[in-house]
Amino acid sequence: MRFSNFFFPKISNLYFRSKHKSSGKFLEKVDAQRKAKYPDRSKLLKKVTVLLGYDGIDDSIDNELCEKCNGGKDDFDVSLACKRFPSISLGFFPPVELYDEATCSSMDEGLLASQLYQQFLANSSDPKLVDPDSLYETWTSLCPGREDGNSSSLTEHMHSGSPTLKPKAGRNLEFHLDEPVSATTMLETQNTAAPMQDILDRSINCIPGLTKRQYSQLENCGFHTLRKLLHHYPRTYANLQNAEVSIDDGQYLIFVGKILSSRGIRAGYSFSFLEVVVACEVMQNGSTSECIVDETESRKLRTIHLHLKKFFRGTRFTYQPFLRSLESKHKEGDVVCISGKVRTMRTKDHYEMREYTLDTLQDEEDSSTCGKETLYPIYPSKGGLKPNYLKDIISRGLQILPPNIDPIPEVIREDFKLICLRDAYTGIHQPKNLAEADSARRRLIFDEFFYLQLGRLYQMLEGLGTKLEKDGLLDKYRKPELNAVLVEDWSTLTKEFLKALPYSLTPSQLSSVSQIIWDLKRPVPMNRLLQGDVGCGKTIVAFLACMEVIGSGYQAAFMVPTELLAVQHYEHLLKLLENMENRQMAPSVVLLTGSTSSRQSNIIREGLKNGDISLVIGTHSLIADKVEFSSLRIAVIDEQHRFGVIQRGLFNSKLYFNPASLKLESAKSDDSSKGDNIMAPHVLAMSATPIPRTLALALYGDMSLTQITDLPPGRIPIETYIIEGNEDGFEIVYKMMLDELDAGGKVYLVYPVIEQSEQLPQLRAASADLKTISSRFAGYNCGLLHGKMKSDMKDEALRRFRSGETNILLSTQVIEIGVDVPDASMMVVMNAERFGIAQLHQLRGRVGRGDRKSKCILVASTPSSLNRLKVLEKSSDGFQLASMDLVLRGPGDLLGKKQSGHLPEFPIARLEIDGNILQEAHLAALKILGESHDLGSFHSLKAELSMRQPLSPLGD
Ligand SMILES: Nc1ncnc2c1ncn2[C@@H]1O[C@H](COP(=O)(O)OP(=O)(O)OP(=O)(O)O)[C@@H](O)[C@H]1O
């Protein structure tokens, strides 16, 4: 209550007129403690009302209102009182709050509200007494913080002169407008204000009839615009037909029924559960809808009881208030739609559901609309907003959509058989049947992919100079068959290096190098992704690309995610260079990592700056500000998903800047470099996790893709075994290990964790197992390798394993990427079910890299996980396994946390099944940009593109 507006003049009057001691004391008290606690304040309020001669609070309000409405005036000069009590002020100063909702008990609040509401109804019958301002003021001040939409709608409505107000039963006072503001009128005004398409990006406030409170609730939950609201898609659709089938154990079904009871039960010291019983009417087993005739219908239906159970462990969940609050969420008599997994119970027609989603339907009518022919959209709740509430607001939003909001030209829609955008929104939110929902979904998925592709291609075209180049790029995407440079035309250095290799390239490797060299000779920076199955020999392809640019007088940088890998590549390359016939030609190669001493780093940086060094292999250190290149021409990024786009892009800042200082100027053998001395370096990214083409397109839509499809000759397929990790199982595993070691092999033992943890005692840990394994295999040396070790320790562990000083290497997933020990011949993965299929394939690729027959044993901790792992027994094709993983676990799990972080968000599309739509969207984007490189002829598309902001590169 606004003390300043209501009581203050009264009390001051009393105090100053009669020098009343109590009122003086009261004023002093309020003056001193502006924020008294609620009990004190309620006492004060009571005292004041009595002091003022009223019977109670309601009496005082009543009289006050009457006085106001009758034009009663108090001629007392309040400025006098204000001087005496400075903190009690009138006018625009903050009010002295007598009630504070946070501490005010809900009972009292409800009581006050209903009292006030009664007052209002009584007073509003007399037109003279209707003073909206004072009523609104009094209501909101009695319930501070409740200046909600309902009250506002009340005021607005009263101001608008419409008298029809409908109170809704309930604890809080709610007013509902009988007739919302006409949607058409709203639309008309909006239409004149802005182009139709803009409506999607208008504030949510444009939805007619939205109260202030609803508006702020929606805003708080992120629904700032109509677009945001319409993109809140249904999670699923309930279809009553589902409940008509016979109910079997383990089926996922949807029911509509009435809540009979809801009980929160404490079942033990730290165990409780919630049981909601719902009665549903379903068909008798075996009945079909055709056999229902009106009269017999009731006989054909039977009532079943669903027992929905949720379990809670922990003492804090056993407290009565918690259990009561759980119970109260489900009210007896509520009509609900439940979907989930059914389990039969012993009692006939009783079923238990432990995994379920429950949505309260607005009323009984709703349950009939989710009947046979209609789909009932079920929304996920968001930020505390209930699904049904969202459903209602969304359907209001749909009403104001004009037909012409589609930025995609009609010709493209026809070509790709797409429905228009407005129909898509209606179809997804209010489908008449599944086919309609399906074509709506297809259109919306198309949009998600289309703008992503359009954005990326648009950005790439912007980076190019002439129209010819732009057309060339688009052509390249349209006809992905690639141009290649024959070996004869490779630089002399590359050819010399090729000769020094101890093996010949596989056909796939050869064509990859030729394609890459073709790109390197063009004046446009290459952006290529090289992928292939584990151990297919990508590294050598990248080395050859580096040799090509070095042979043309430039520098190359090779960035890898770990020091372990950097050292391995560095040593590997040095060995290959040593084999070169003409050693004079060998370029200068250095290693730069975090462990490089600062003295050495300075020398290396100097060498890179003045062009003395031609190739640097290293980790993130390569992109440090201090590292400058004289003529960087290619950046190879191994395991590129481990780097962010920004890190990849940082190479672009290391532009080729000083051609005059080129040490190998004379070595220039082609003219590709002329006039392009400010060109960004070519980027060759490598990915060891083979990913399906769709996913690659979504992840790296702006990259050309090269795939190595064959393996080096002579590889003997790895034998894979899936074994259950019980006592017998481990005996078998240890026996196989011993046989392998006795035969001169080397064994990797891979663990999911480094240290044993109390939370997950079933997981075997690398450190903890070192002792056990060492004593079990007493005649052999064991080593340990994990991510927490210092880098020199890691290098040492790997070196010892490579050289044969250790025979068994206990390790974590650190070896998953890139580690190449060709004579390692056995891998045992503990708790294998903890790893993804693609990850296990990647791990398995650490063995079988030489000419020795290798084995991989996957030890599963539970029998249930054996089946999932069986696919690895059957297939050794990384691409096939990745596709399977994509379908089974989705892109997030397939790619791992870091890489999937680069995946753009697709609210409705699922890459695992919507790959063909992605291809179509890609083609559509090419078609549009082919017509107009800068989207100049497609203003609406350009506007839409900027609204969707797909220009953030690769989604991160
Ligand atoms: N054409 C070839 N013939 C024979 N051996 C080859 C050939 N190409 C590469 N290799 C050898 O195969 C092994 C694996 O090569 P590399 O490390 O380049 O594979 P990768 O594709 O990078 O695999 P991963 O992704 O698993 O690291 C290396 O020991 C390499 O020397």
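Student: Quick one to start: is Lys417 buried or exposed?
Tutor: Lys417 is exposed, since its relative accessible area is 70% and the cut-off for exposed is over 50%. Keep in mind that this is a predicted model.

Student: Okay, and where does Lys417 lie?
Tutor: Lys417 lies in the loop between α17, residues 410-415, and α18.

Student: What about the phi of Lys417?
Tutor: Lys417 is not a glycine, yet its phi is positive, at about 55 degrees. Most residues other than glycine have a negative phi.

Student: Which other residue has a positive phi, near 65 degrees?
Tutor: Asp349, which isn't a glycine either, has a phi near 65 degrees. Asp349 sits in the loop between β8 (343-344) and β9 (350-353).

Student: And is Asp349 buried or exposed?
Tutor: Asp349 counts as buried, because its relative accessibility is 17% and buried means under 20%.

Student: How many nonpolar, polar and charged residues does the contact of α18 with α19 have?
Tutor: Seven residues in the contact of α18 with α19 are nonpolar, one is polar and four are charged.

Student: New topic: in what order do the six strands of the open sheet run?
Tutor: The order is β19-β24-β23-β20-β22-β21, with parallel pairing. At the edges are β19 (719-724) and β21 (782-785), each pairing on one side only. Neighbouring strands in this sheet are turned by 20 degrees against each other on average, direction ignored.

Student: Can we zoom in on β23 and β24? Over how many bridges do they pair?
Tutor: Strand β23 (residues 824-829) pairs with strand β24 (residues 855-860) over four bridges, in the parallel sense. Take Met827: its bridge partner in β24 is Cys856.

Student: Which strands does helix α29 touch when it packs on the sheet?
Tutor: Helix α29 (residues 766-776) touches β20 (746-750), β21 and β22 (808-811). The direction of α29 makes about 175 degrees with that of β21.

Student: And which strands does helix α32 lie across?
Tutor: Helix α32, residues 866-874, lies across β19 and β24. The helix α32 runs at about 170 degrees to β19.

Student: How far apart are the C-alpha atoms of Pro713 and Asp851?
Tutor: They are separated by 9.5 Å, although Pro713 and Asp851 are 138 residues apart along the chain.

Student: Now the whole chain: how many helices and strands does it have?
Tutor: The chain has 35 helices and 24 strands. Of its 956 residues, 52% are buried.

Student: What about contacts between residues at least 6 apart in sequence?
Tutor: Among those contacts, 74% join residues at least 24 apart.

Technical notes:
Residues numbered from 1 in each chain as written. Predicted model: local features only at pLDDT ≥ 70, side-chain atom pairs only at ≥ 80, totals over all residues. Heavy atoms only, no water. Nonpolar A, V, L, I, M, F, W, Y, C, P; charged D, E, K, R; others polar. Pairing = 2+ DSSP bridges. Helix = DSSP H or I, 4+ residues; strand = E, 2+ residues; numbered from the N terminus. Axes fitted to C-alpha atoms, helices over the stretch in contact; angles between N-to-C directions. Contact = heavy atoms within 4.5 Å. Buried < 20%, exposed > 50% of the residue type's maximum accessible area, 1.4 Å probe, protein only.
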